[in-house]
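Please look at the sequence and the three-dimensional model together.

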Amino acid sequence: MTFYKFRIKIKTTLRSLGKIGGEILETKRKIMDSAFNLFANQGSDFSLSEIANEVLIKKSSIYAHFESKQALLYQVIEKEIDCYFFEL
């Protein structure tokens, strides 16, 4: 394999990884948005299954992003606190 072909292969791989990374971040954002809405409407009585149904993923996929429901809520609340104080 020539150096030129190797460079093209590396660039293609990096582009693919960038797309995957963007999809992962988008899924995490959707999970957090869903958790925020459910928390606002139901308090902590919502389930991860409800989030999975809203985001159109499997419940187990949530654990790829968050260790537990408690960790998810912690990040949602932390994000809202940060937004509140940075908007002032």
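This is a predicted model: local features need pLDDT of at least 70, side-chain atom pairs count only at pLDDT 80 or more; totals for chains, interfaces and linings use all residues.

Residues are numbered from 1 along each chain as its sequence is written, and side-chain values use heavy atoms, with hydrogens and water left out.

In soluble globular proteins, nonpolar side chains tend to be buried together. A nonpolar core is a set of buried Ala, Val, Leu, Ile, Met, Phe, Trp, Tyr and Cys residues joined through side-chain atoms within 4.5 Å; buried means under 20% relative accessible area, exposed over 50%, and partly exposed in between (1.4 Å probe, protein chains only). Here the largest nonpolar core has 14 residues, and those touching the most other members are Ile31, Ala35, Phe46, Ile51, Ile62, Phe66 and Leu72. At least two residues of this core come from each of helix H1 (3-42), helix H2 (48-55) and helix H4 (69-87); helices are DSSP runs (H or I, at least four residues), numbered from the N terminus. Beyond its neighbours within four places in sequence, Ile31 is in contact with Ile51, Val55, Ile57, Ile62, His65, Phe66 and Leu72, where contact means heavy atoms within 4.5 Å.

Phe39 also lies in helix H1, and this residue counts as partly exposed because its relative accessibility is 32%.

Leu56 sits in the loop between H2 and helix H3 (59-62). Leu56 is exposed, with a relative accessible area of 75%. Most residues other than glycine have a negative phi, whereas phi of Leu56 is positive, near 65°.
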